[in-house]
Structure formats: structure tokens, C-alpha cells
There are 2 protein chains.
Amino acid sequence: MSNNKWLVGIDIGGTTIKMAFITKSGDIEHKWEITTNVENQGENIILDIAEAIESKLTELGETKDQLLGIGIGAPGPVQMDTGLIYEAVNLGWKDYHLRDKLQAVSGLPVVVDNDANLAALGEMWKGAGDKSKDVVVVTLGTGVGGGIITNGQIIHGVNGAGGEIGHITSIPEGGASCNCGKNGCLETVASATGIVRQALEQVDNHPDSQLFRTLEVSGKLTAKDVFDAAKSDDPFALQIVDQISFHLGLALANLSNGVNPEKIVLGGGVSRAGDILLNPVKEYFRRFAFPRVSKGAEFSIATLGNDAGVIGAAWLIMEELNKK
Amino acid sequence: MSNNKWLVGIDIGGTTIKMAFITKSGDIEHKWEITTNVENQGENIILDIAEAIESKLTELGETKDQLLGIGIGAPGPVQMDTGLIYEAVNLGWKDYHLRDKLQAVSGLPVVVDNDANLAALGEMWKGAGDKSKDVVVVTLGTGVGGGIITNGQIIHGVNGAGGEIGHITSIPEGGASCNCGKNGCLETVASATGIVRQALEQVDNHPDSQLFRTLEVSGKLTAKDVFDAAKSDDPFALQIVDQISFHLGLALANLSNGVNPEKIVLGGGVSRAGDILLNPVKEYFRRFAFPRVSKGAEFSIATLGNDAGVIGAAWLIMEELNKK
């Protein structure tokens, strides 16, 4: 591989597609976004992506020769051997041959993975994972996603559902219903949506709390409101943060008793709460993890933000090209 | 590798060392046991093993030329790169250079892994794992052990504590104390020891139960007694089996939400209970696993019994030799 050429990293989301030209050292040279066109079962997405690459190259005065290959992430389970997306509900794709289609229109080698997995690879390569071969990344956003790396490889599992950390059952009986069809998933507790739900369910019992007043004034509550109130020592907010931390610490400890990670990285919007969340999560983790597992694991907050996916995608296509 | 030569599989336990000469197809040609000499921090174990190999060869009229290499399992966490045993409490070993020492005395290539991991590899190769690349094996014996295979490789983790399924926290608050120093581990619930403890703790509240009568007559209870009584529809025994199954099903579901296995294999003495345990475990698993994970996972009972470790050890040294 020529040293000055670029890898293309792409991260398809339900509303925007993040794209970047990235060096082989993992530095982003150019990044931009296009809108995700989900009309007609997302059939235009591939052409939009190919066109976006072409026009960016033209804009930069470069040609396709400058590109080595494309790594691309989609929000759904992936069959790695074939680059097939089993299903991406947000895009309208089902049994979609993403790799082959994008290779055909772009003329470049393509590798496909799940978006949460690519975010984990990105953090492993250039972020908080710090090049460790054993990393758990949990992304606390609207939902809870995850990616698990062992022996330096993503765990895809038998049908692409590896790393579904958000669907660990945290509340086996009487938990809130989850989009996946189960009840009591970690996502119902530790996502931004879940945090707000818990606050709203209980706030009327805490009329003296800061959160009660915030709700009265602004007419709504956000996850950030909960953490802000906890930072001001509001007892009700602290109680919610304790519940979240208990379940997150327990779920991560139990998963780690299986995979014994060196790094556990919290990402996503909720992770911006910082130490007010990280410290109690660590405390519960230490209590529930096998002592040797606890000793081996270091916690941190993700550092790449929204760039994690495109950077992980670039890493994956580089790995793929190196194999050849 | 010559086709008629043998691999040596060795499985060191606290009381006996299992040894076997195994073909490259995974068939055991000769197997035998020697006593584990744990005196003097287990310093004679290596020499005992080397001597046992020599005398068996002599007995069979063979020479060391017949042997390709040794795979060996020890009861403790292992550093794979170096074949170091961090600690094997039952043997008295600490930071023990098992690979290098055994290579020196035997003159053969050696590869080392944890005993539970080798049992998992054995089941993957020749047993219930059925050559799948994504397997979880949980061994329900006096304790609860485990081995997890993803992408065809054992998960060792950062410090050799991968696959510690027995120390998943099943009862986060008020659980029984575990040998590992924590409370409420799966091992305290689903091991033979744990099953008996639960029965004894509750039996006095169930004077009409079959288990109460068994205890009166024989002065003790075993895990087998509990399953036998459950098979005769004894309500108290069924209740205990339900508790065990709930926790085992939940722990395996949550782990599987991370690793998305194709095969989940229950082994060890407790697994001989068969369907009376397997069926409710599956039922709870299906309830608690992410739907796609549930769809991908098939349960079975281990088929290799006590041979799993030596067979897995043979597989591992064969893999190692194939790399060269």
C-alpha cells in the first residue's frame, strides 16, 4: 500500500451518513456528511455514497487512485464473510448485499461491519482502547450499543449479534419493555431514554428535588438534567444515578467475567456525564467482577466521539488489505 | 506432521493427572492417569509427567519419535504467549513456567492452557460443540467452570481470566459467599455444592418433601438426590431446580448477548441430570436472551466427559504445530 493514499471510512446512520478520508495512521484528512435517503427501502444509499466520494475527490483535485478501499458500517447485524446486512430496520434493508453492491459501484475493495463494532475498533485503534487486544466498548446514547474485541478481533458471533450489550437483561422480572421485544434490558435502564423514563416515573414522589423543579420550569427532563442535579447533590438524582450505575456495573462485570478485558470504554452522549457516572459504575464493577478480572480492567470514557465509527471502518479495510 | 504419530494430551487436576496419546483425528489411542504429587509446591509434577510418558512409550514398544508434541492443561489462569501459570492454588504453583520446564525435561514442543478452556476446545473439536467457531461451555461440577470460544479461538482475556462463567454474579445482594472472595456467584447457585447448600438451607421448611425423607434416611443430600426428587415431581425439589435454572439461564443469556454463540454446552457431573435441568435452563435462556442471539444458540449436554481436557489439549498442540 502506498503510504500517502487514503482509506475511506463510512458510518451509515438513520439520518446522516458520516464519511471520511483517513490516513493509514488513522488520522482524518477530510470528513463530511450526507443525508441518509431511506426512501424505497434505502435503495439509493449506495449510489449516494459513491457519488459523494467522487465529488469529494473532484473537489480536492484527486482521483480514485488516491483511495485504497472502503470500510463501511451499518446499523444492523452483519455476515462478515459476505458483507451481507441481515437487517437494518432504520434504513429499510433486509438481506442486503452491501459489500458487493458498493464494490460494484465504487470499483474499490469494501469491507462491512456493524456500526457499534466499528466504533469499538475505532476506540481500540486511536481512542480510549489504546491498542489493547481485549476491549469492551459500551455506547450509552438514545439506546445502548456495544462492541467487544478479544484476541484483537471483534466478536461477531454466529449470526452477527455479538456485542449486544444493551440487551443484557438487567431487571429479569418487572422491567420496562424494550424495543427488542424483551423486558428489563440494560438499554431500558442506562440509555438516555431509559434515564429520563426512570426520572419521570419517580419524580412525583420527590417534590423537593431539583429535578421536580426543572420539570416544572422547562416542562421536560433530559439525562443531562439528571446528572447535573446529581452533581449538585440532589438526593433523588443521586438515587437514579445509583440505580443506573448498579446495573451498568453489574452487567459490565458479568460480561467481563467472560471476556476479561483490559479496557472498558464508555461512550455515547450519556458518557459525557463523566466521573459522576464513571466512579459509581467502577465501584459496582469492582464489587461484582471476579477479583482477577477486576484487577485486569481499566475504565475510561471514549475519546473519539462521532468519529469512532469512520476511524474503525478505516482500520478494518486496512486490516483486510494487509491480509492480501 | 506424519499421519501416524501421536499428540500428547495432559490434564492436571488436584488429585490425578489425566494423560493420553491421541491421533491427529482426535481419537484417543491410549489413556491413563497418574497421581498428582502436590508436595513441595508441586515441584515433582513435571518430572512425574515426563517419566509417565517415557514408561508408557516403553510399555507400548514405541520411542519418543512417535510423539509430535504435548498439550497440557492446568487449573489456573495462564499467560498464553509464554506458557506461564500465574497461579494454580491446588498444585501450589505460582508464576510457574510450565511450558518451558516441560519442554526442557520432555524434549518435546509444549503448549499450555487452562483446564476449563481445554475442555471447551475438546468439546468443540470432538464433542457437543460440533466444530462450531462460537461455543460456550459451562462445566457444572463441585464448582462451576467455563470456556468461551469465539472466532474459533479461546477467550483468554488480558490476564488469563477469560471464561470465568462460574463467577458471574447471580445474586448481587445477599448471595452466599464464594471461594473467590465475592458473594452470590453463579457457582454458589449452580454447582453441585451450591445445589446441596440450597436444599439443606430450605429443607426444614418442607417436611413433606421427598428430599426431607432422603435426608432423614441417608443423613445427607446430593445434587443427584435433588434432581431425582424433581423427576418424581417433588414440589420442593422442582422449586430448587427452578431457582438453579433461572440463574443459569439468565447468566448464559447475558453472556451470550455478548458473544452470540452457536453452541452452548453444559458439562460436568450436574449436567448428567439431563432434560430435567436442560429444559428449564433453555426456557429461561430464551426469555432473557436478545431474540437474534436466542435464535442462533443451540443447547446440548457435553459428550466427552472426563476426556474433554486431554482431547482439547491435543487439539491445541496440533494447532500450534500447524502454525510453524
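How many bridges join strand 5 of chain B to strand 6 of chain B, and do these strands run parallel or antiparallel? Two bridges join them, and the strands run antiparallel. That is a handy way into this predicted model, in which chain A and chain B touch through 38 residues from each.

**How the two chains are related**
- Two copies of a chain are related by a rotation about an axis and a shift along it.

**The side of chain A that touches chain B**
- The contact takes 38 residues from chain A and 38 residues from chain B.
- Three elements of chain A each supply at least two residues of this side: strand 10 (144-150), helix 9 (235-259) and helix 11 (291-296).
- Helix 9 of chain A gives the largest share, with seven residues.
- By residue class, this side of chain A holds 18 nonpolar, 15 polar and five charged residues.

**A helix pair in chain B**
- Two packed helices are described by the angle between their axes and the distance between the axes.
- For helix 8 (residues 223-231) and helix 9 (residues 235-259) of chain B, the angle is about 115° and the axes are 7 Å apart.
- The crossing of helix 8 of chain B with helix 9 of chain B is left-handed.
- Helix 8 of chain B brings V226(B), F227(B), A229(B) and A230(B) to the contact, while helix 9 of chain B brings A237(B), L238(B), I240(B) and V241(B).
- The residues of this contact between helix 8 and helix 9 of chain B are eight nonpolar, with no polar and no charged ones.

**A three-stranded sheet in chain B**
- Back to the strands of the opening question: three strands of chain B form an open sheet in the order 5-6-7, with antiparallel pairing.
- Strand 5 (78-79) and strand 7 (93-96) of chain B are the edge strands, and each of them pairs on one side only.
- Strand 6 of chain B covers residues 84-88.
- I85(B) in strand 6 of chain B is the bridge partner of V78(B).

How values were computed
Residues are numbered from 1 along each chain as its sequence is written. Chains are lettered from A and ligands numbered from 1 in the order in which they are written. This is a predicted model: local features need pLDDT of at least 70, side-chain atom pairs count only at pLDDT 80 or more; totals for chains, interfaces and linings use all residues. Two residues are in contact if their C-beta atoms, placed from the backbone, lie within 7 Å. Helices (H or I, at least four residues) and strands (E, at least two) are DSSP runs, numbered from the N terminus. Ala, Val, Leu, Ile, Met, Phe, Trp, Tyr, Cys and Pro count as nonpolar, Asp, Glu, Lys and Arg as charged, and the others, Gly among them, as polar. Axes are lines fitted to C-alpha atoms, for helices over the stretch in contact, and angles run from 0 to 180 degrees between N-to-C directions. A crossing is left-handed if the near helix is turned anticlockwise from the far one by less than a right angle, and right-handed if clockwise. Two strands pair if DSSP finds at least two bridges between them.
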